[in-house]
Amino acid sequence: MKKQDTLPPLPPRPAAEQAQLKAMLTNLKDRAGTPMPEANTEMMFDLEGLKTDFPTAKELEKFLFDRTGHSVDLKGRSNRYKYQTALDILNGAAPPTELFNPENPYLDKNDLVPVEPMRPVPARPESLNGHYIVTTFVSRTFPHPDPDWKASGQKCDVVFRKYTNNAITYEVIGPVAPRAVGTRVNKYGKEVPEKYDWVDPRTGEQIIRNENGMLTPLGTRLKGYMQKTRVNKTTAWDAWIDRDFILIGAGGSNLDNPWGN
């Protein structure tokens with residue numbers, strides 16, 4: 001078996017080169033054992049730098065949002081207060097509550113389509129307080145009160161309730177939907193609505209027949225509409241809304257002893 005050739009040993013390095021390598025290794029070990037200095041945010045930002053780079057409140061708000069995630073409203077504040085507050089936030093302080101802004105500073109309100117507030121729903125009559133509901137019926141056959149939605153065949157949801165005092169109420173509960181009004185061209189050249197309002201037929205609960213059996217004019221029309229629908233040998237009004245009932249319990253009837261003695 002042939003013996004493998006071996007490489008000759010390397011010649012020793014000169015003493016000067018060995019000393020230089022040893023010094024380099026020692027320096028590297030010292031640097032590795034020295035902890036890195038912590039970043040000092042107070043040295044990263046200063047008032048002059050902020051004033052120079054962000055001369056407007058809008059630009060300063062965007063910079064704060066990018067660096068910290070906080071959205072604040074700095075418009076209209078004095079320069080001294082505005083830039084000092086920004087510097088404090090950049091250094092880790094919590095933004096003052098009075099400056100909190102729920103909106104993204106990059107959002108341009110001029111690009112938004114305004115939405116009209118929804119109208120309040122009329123209150124429930126106080127005369128119904130203390131009386132119990134004995135029947136509830138929901139009809140989805142009434143045409144929508146809005147002319148445009150009515151023309152398209154849209155229906156509305158109407159709830160009828162009868163109470164122990166013989167009163168009957170109605171309430172239109174929906175549907176509710178936004179509707180675009182007008183058009184305008186935004187800065188991107190795209191047509192958008194001028195605003196949104198609401199198709200809101202809600203009425204709140206209102207009395208259409210009082211406890212004495214008197215119908216309001218609207219109650220007369222609603223009763224007539226429901227009487228057009230037949231249920232077996234009677235009408236939807238009599239079968240589902242103006243149903244007879246017997247009150248059982250205190251002040252009512254005792255079915256176990258109909259003679260009352």
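This briefing describes a sheet, the nonpolar cores and a few backbone exceptions in a predicted model. Residues are numbered from 1 along each chain as its sequence is written, and side-chain values use heavy atoms, with hydrogens and water left out. Because the model is predicted, local features need pLDDT of at least 70 and side-chain atom pairs count only at pLDDT 80 or more, whereas totals for chains, interfaces and linings use all residues. Helices (H or I, at least four residues) and strands (E, at least two) are DSSP runs, numbered from the N terminus.

**The four-stranded sheet**

- An open sheet of four strands has the order β1-β2-β3-β8, with antiparallel pairing, where two strands count as paired if DSSP finds at least two bridges between them.
- β1 and β8 (206–209) stand at the edges with a single partner strand each, so one side of each is left without a neighbour in the sheet.
- Neighbouring strands of this sheet are turned by 30 degrees against each other on average, direction ignored; axes here are lines fitted to C-alpha atoms, for helices over the stretch in contact, and angles run from 0 to 180 degrees between N-to-C directions.
- β1 and β2 are joined over eight bridges in the antiparallel sense; Ile133 has Tyr163 of β2 as its bridge partner, and Thr136 stands opposite Arg161 in β2.
- β2 and β3 pair, also in the antiparallel sense, over six bridges, and the bridge partner of Lys162 in β3 is Ile168.
- α7 lies across β1, β2, β3 and β8 and runs at about 75 degrees to β1.

**The nonpolar cores**

- A nonpolar core is a set of buried Ala, Val, Leu, Ile, Met, Phe, Trp, Tyr and Cys residues joined through side-chain atoms within 4.5 Å; buried means under 20% relative accessible area, exposed over 50%, and partly exposed in between (1.4 Å probe, protein chains only).
- Of the 16 residues in the largest nonpolar core, Phe160 and Met226 touch the most other members.
- At least two residues of this core come from each of β1 (133–143), β2 (155–163), β3 (168–174), α7 (217–227) and α8 (236–241), and the largest share, four residues, is supplied by α8.
- Leaving aside neighbours within four places in sequence, Phe160 is in contact (heavy atoms within 4.5 Å) with a set of residues including Phe137, Phe142, Tyr170, Ile208, Leu222, Met226, Trp237 and Ile241.
- A second, separate core of 15 residues includes Phe54, Phe63, Val72 and Ala86.
- β2 is itself mostly covered, since seven of its nine residues are buried.

**Backbone exceptions**

- Most residues other than glycine have a negative phi, and most peptide bonds are trans.
- The hairpin of β2 and β3 has four residues between the strands, and within this hairpin Asn166 takes a positive phi near 80 degrees; Asn166 is partly exposed, with a relative accessible area of 27%.
- Asn232, which is not a glycine either, has a positive phi of about 55 degrees; Asn232 lies in the loop between β9 (230–231) and β10 (234–235) and counts as exposed at 78% relative accessibility.
- The peptide bond from Gly174 to Pro175 is cis, with omega near 5 degrees, and Pro175 has its place in the loop between β3 and β4 (177–181).
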